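Subject: Structure for your review

Dear colleague,

Please find the structure below, handed over for your own work. My notes on what was found in it follow directly after.

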Amino acid sequence: MSMVEDAQVLPVTPKAQQRGPRPASRLRLIFAKLARTPRFWVGTLTLLVIVLWALFGLAFYNFNAVSQDVMSMNTGPTGKHWFGTDEIGGDIYAQTVVGLRKSLLIGFVVGPVSALLAGFIGALAGYLGGVWDRVIVWFIDLLLVLPALYILIMLYPLIKGGSWVIVMVYLAIFSWMILARVIRAQTSSLRDRDFVKAARFMGVKTSTIIRRHIIPNVSSLLIIDATLGVGAAILTETTLSYFGFGVQPPDVSLGTLLSSGTGAATTRPWLFVFPAAILVITVLATSLAGDALRDAVDPTSGANRD
Amino acid sequence: MIGFVVKRFVNYFILTAIATLLAYVLASLSLNPAQRYLGRNPQPSPEVITSILDGLGVNPNVPVLERLWTWLSNLVTHGSLGITVDNQQVTDVIFARAGVSLRLLIIGSVIGAVLGVVFGVWGAVKQYRISDQLVSYASFTVGATPTFVIGVVLMILATSLNGLTGHQLINFSGEYTAGLQGNFLVMFGDRLNHLILPTITLSLTAAAGYSRYQRSAMLDVLSADYIRTARSKGMSRNRALVKHGVRIALIPMSTYFAYSFALLLTGATVVELVFSWHGMGEYLVRSVQQNDINGVAGSVMFASILVLIAGTLSEIVYAALDPRVRV
């Protein structure tokens, strides 16, 4: 089947050559720019390694997150226990991998979901304009008055005893506001453009216009913030979990792991330092990748302003 | 200018007031004040629990809007925010703790803002040089590190420093050394010593965000025509950068300050918890853990007032820097 398709495609090639080089599309320009940014490669490759490590890090390892090695308790890093053990012989390496899985999962869901929420709410406000715009913006400002962490801490009784999925949902609900304001500003300049007007006068439904015309035009912003949002969500989740307001035992995240390691951090640093380093590297990778994306997509940002 | 600032103040005032009231409702719905007494042995009778909850004004059987109204009218008529589960006036607790938080917030934000602006401007002026890259990567790394990790790592470093020198050079647990005797200078020095690590933690996190933002605002300004005009009039490079560059680049920073104030509050709360300071952020957390609705509402109101002040301050700075709003 694929052979046949290849054969059909082949004769077209000379024609394309006659037309000379194809004009560079926006997407190709962005990719070309990204490929030349070291930050992008450092960020994405590190992130890739971390994801693969979270998935397969325990495949060839002798201990799991709940195993207790009575022969070696409270030991530093050894060939047997790569990150050392805690006071009941639990293996820190295995616990780190399992905690990393949960934190990554939460980050990779919350980042994109909150970017989408921001996209729809921001686009709705910007596109509708008038009273609706003012109401939505006022509501966003209201949500921005108090730190999201305060609201999440106040919601703690509803999280207590629940699964980590609830934490994920709350994180997504309270992290879209600032991006929504940015999207709104972009959208209000889009709504008077001809292609949007044409669609409106043809009687296309508002929801369809937003989906087909507005969202694709602000998608670069959304992609950037979905990437940056991954790191931000991991930061908030670990902070909440560290103080006991996020992921609850028996679930393990990097935050709960750091929380249990912190008491002995000065005397047995391996309980704290290794998970903390993994956490920092993960978030750093997402912010480097996101920043490189911003430079590549946004002509007014960073590297493009010489 | 005054009209502009007053208008923004009223807007902020309404927002923060409504946010506080909503927070009261949210706390009333999510916290369970009776739980504190149900675990007692012997268990108090339901009548006792009901009368305690009525006394606190947090009985869940009274409609939440009615409780809110009582709370609000007590605040307006008596200046009281209700009593805590430990039978203290919430206002007394706030007055006792506010200084701790304010000390941290003011010193931390001032040092953070100054460092952020300096490093941001420096990075923009030296764009792509090694120093710019260093500042950039450092701010990325600090931004990727949760505040509590910075705090704990600093504690580890301070402990090993104390161990190396054999003296208790840096104290970091609590806000002052309990039971320390001495004159004013000794006490003041002790508090200053306890301030070191928390302040470093908070200013580092704040500076990381500010410097990224200041750098990009400064880059915008540097490519503007009026800098070239100023230079071609014969103004020296440094003078042009400061008079026409930094001043203009600070305008978007004043807006960013208002937005990032919530981050600063979050950071201060984390710092208080990590270094076991008894400030207002720690009070919010403790109140939630104790199911103390009045305590939660009081600490949220304190935070809202700070947000109101920070927002108004940033508008004043904005108006002072940008002549357009004064016309």
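How many of the residues of α11(B) are buried? Eight of its 10 residues are buried, and α11(B) is thus mostly covered; a residue counts as buried if 20 or more other C-beta atoms lie within 10 Å of its own, as exposed if 12 or fewer do, and as partly exposed in between, with C-beta atoms placed from the backbone. Helices (H or I, at least four residues) and strands (E, at least two) are DSSP runs, numbered from the N terminus.

Two remarks on conventions are needed. This is a predicted model, in which local features need pLDDT of at least 70 and side-chain atom pairs count only at pLDDT 80 or more, while totals for chains, interfaces and linings use all residues. Residues are numbered from 1 along each chain as its sequence is written, and chains are lettered from A and ligands numbered from 1 in the order in which they are written.

Chain B overall

The secondary structure of chain B consists of 12 helices and zero strands. Along the principal axes, its C-alpha atoms fill a box of roughly 85 × 60 × 40 Å. Of the 327 residues in chain B, 39% are buried. Among contacts in chain B with a separation of 6 or more, 72% are between residues 24 or more positions apart; two residues are in contact if their C-beta atoms, placed from the backbone, lie within 7 Å.

An unreviewed UniProt entry lists residues 98–318 of chain B under "domain: ABC transmembrane type-1". UniProt positions are given in the numbering used here, feature names are shortened, and annotations may be inferred rather than shown by experiment. Over that range the chain is 82% helix and 0% strand, and the end C-alpha atoms are 27 Å apart.

The buried residues of α11(B) are B:Met280, B:Gly281, B:Glu282, B:Tyr283, B:Leu284, B:Val285, B:Ser287 and B:Val288. Their cover includes α7 (148–154) and α8 (156–159) of chain A, together with α5, α10 and α12 of chain B.

The axes of α10(B) and α11(B) come within 7 Å and cross at roughly 75°; axes are lines fitted to C-alpha atoms, for helices over the stretch in contact, and angles run from 0 to 180 degrees between N-to-C directions. That makes α10(B) roughly perpendicular to α11(B) (angles under 35 degrees count as roughly parallel, over 145 as roughly antiparallel, 65 to 115 as roughly perpendicular and the rest as oblique). On the α10(B) side the contact is made by B:Ala268, B:Thr269, B:Glu272 and B:Leu273, and on the α11(B) side by B:Gly281, B:Glu282 and B:Val285. By class, this contact of α10(B) with α11(B) has three nonpolar, two polar and two charged residues. Here Ala, Val, Leu, Ile, Met, Phe, Trp, Tyr, Cys and Pro count as nonpolar, Asp, Glu, Lys and Arg as charged, and the others, Gly among them, as polar.

Two loop residues deserve a note. B:Ser276, in the loop between α10 and α11 of chain B, has a positive phi near 45° although it is not glycine. B:Ser276 counts as exposed because it has 11 C-beta neighbours inside 10 Å. B:Asn291, in the loop between α11 and α12 of chain B, likewise has a positive phi, near 55°. B:Asn291 is buried, because 20 other C-beta atoms lie within 10 Å.

Helices α5(B) and α10(B)

Helix α5 (residues 90–125) and helix α10 (residues 237–274) of chain B pack at an angle of about 140°, with their axes 9 Å apart. That makes α5(B) oblique to α10(B). Among the contact residues are B:Leu104 and B:Gly108 of α5(B), and B:Leu264 and B:Ala268 of α10(B). The contact of α5(B) with α10(B) has nine nonpolar, three polar and no charged residues.

The contact between the chains

Chain B gives 40 residues to the contact and chain A gives 35 residues. Helix α1(B) gives the most to the side of chain B that touches chain A, with eight residues. That side divides into 28 nonpolar, 12 polar and no charged residues.

B:Val10 lies in helix α1 (residues 2–30) of chain B and is exposed, with 10 other C-beta atoms within 10 Å. B:Val10 and B:Thr312 are 302 residues apart in sequence and 9.4 Å apart in space, C-alpha to C-alpha.

In chain A, a cis peptide bond joins A:Pro249 and A:Pro250, with omega about 10°. A:Pro250 is found in the loop between α13 (219–242) and α14 (254–261) of chain A.

With kind regards
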